[in-house]
Amino acid sequence: MQFPVRIPFVEALGFELVRMADGQAEIGFALRDEHCNSFHVAHGGALMTLLDVVMAHAARSVNDPAAHYGPGVVTIEMKTSFLRPGEGRLRAVGTLQHRTATLAFCEGSVYREDGTLAAHATGTFKYVRALPTGAREVKPLQRRLDGDGSD
């Protein structure tokens, strides 16, 4: 399954969207050497990014697929607990726990190949249609284009 919007950092990490529907999302992540820390297990930053992305996609999964699951979300806060080293192929599952008109409250878990829990997080996300950046110019959500032409 393709991610509904292009996120260059997610592409660079090699995340694979497995499922995104009904308040849930699942992402696969095959660890490579560049994702590891000095103990040669998943770097905490890689796991936190995985949790952030899977929870954000769970938050967006209840939006209209025809609108690329928009509006987008931005992370307001996130709390992460690391339980075991992440090794090998990892699976992240995110769940939308509660939604208001502007906020999504989510939780996410990262599982190792043997099914044991490696990390857990909770996060709050804000639904946004566009994001002001830099000199306060508006940056729209990037749409994924399929085939020739525009969206």
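Colleague: To begin with, does Glu 11 count as buried, partly exposed or exposed?

Modeller: Glu 11 counts as partly exposed, because its relative accessibility is 40%. Bear in mind throughout that this is a predicted model. The partner of Glu 11 is Arg 6, and their side chains form a salt bridge with an N to O distance of 3.3 Å. Arg 6 is likewise partly exposed, at 38% relative accessibility.

The protein has 2 helices and 8 strands, in the order α-β-β-α-β-β-β-β-β-β from the N terminus. Of its 151 residues, 40% count as buried. Among contacts with a separation of 6 or more, 60% are between residues 24 or more positions apart. The protein exposes about 8,200 Å², and carbon and sulfur atoms supply 53% of that area.

The salt bridges number 7. As a general point, side chains of opposite charge can pair when their charged atoms come close.

One of the salt bridges joins the side chains of Glu 26 and Arg 91, with 3.9 Å from N to O. This pair links distant parts of the chain: Glu 26 belongs to strand S2 (residues 24-30) and Arg 91 to strand S4 (residues 89-99), and the two residues are 65 residues apart. Arg 91, with a relative accessible area of 37%, is partly exposed.

Another salt bridge is made by the side chains of Arg 112 and Glu 87, also listed at 3.9 Å from N to O. Here both residues lie in loops: Arg 112 between strand S5 (103-111) and strand S6 (117-128), Glu 87 between strand S3 (72-82) and S4, so the pair ties together parts that are 25 residues apart in sequence. Glu 87 is partly exposed, with a relative accessible area of 42%.

How values were computed. Residues are numbered from 1 along each chain as its sequence is written. This is a predicted model: local features need pLDDT of at least 70, side-chain atom pairs count only at pLDDT 80 or more; totals for chains, interfaces and linings use all residues. Side-chain values use heavy atoms; hydrogens and water are left out. Helices (H or I, at least four residues) and strands (E, at least two) are DSSP runs, numbered from the N terminus. Buried means under 20% relative accessible area, exposed over 50%, partly exposed in between (1.4 Å probe, protein chains only). Contact means heavy atoms within 4.5 Å. Accessible areas come from the Shrake-Rupley method with a 1.4 Å probe; for residues, only the protein chains shown count as cover. A salt bridge is a side-chain nitrogen of Lys or Arg within 4 Å of a carboxyl oxygen of Asp or Glu.
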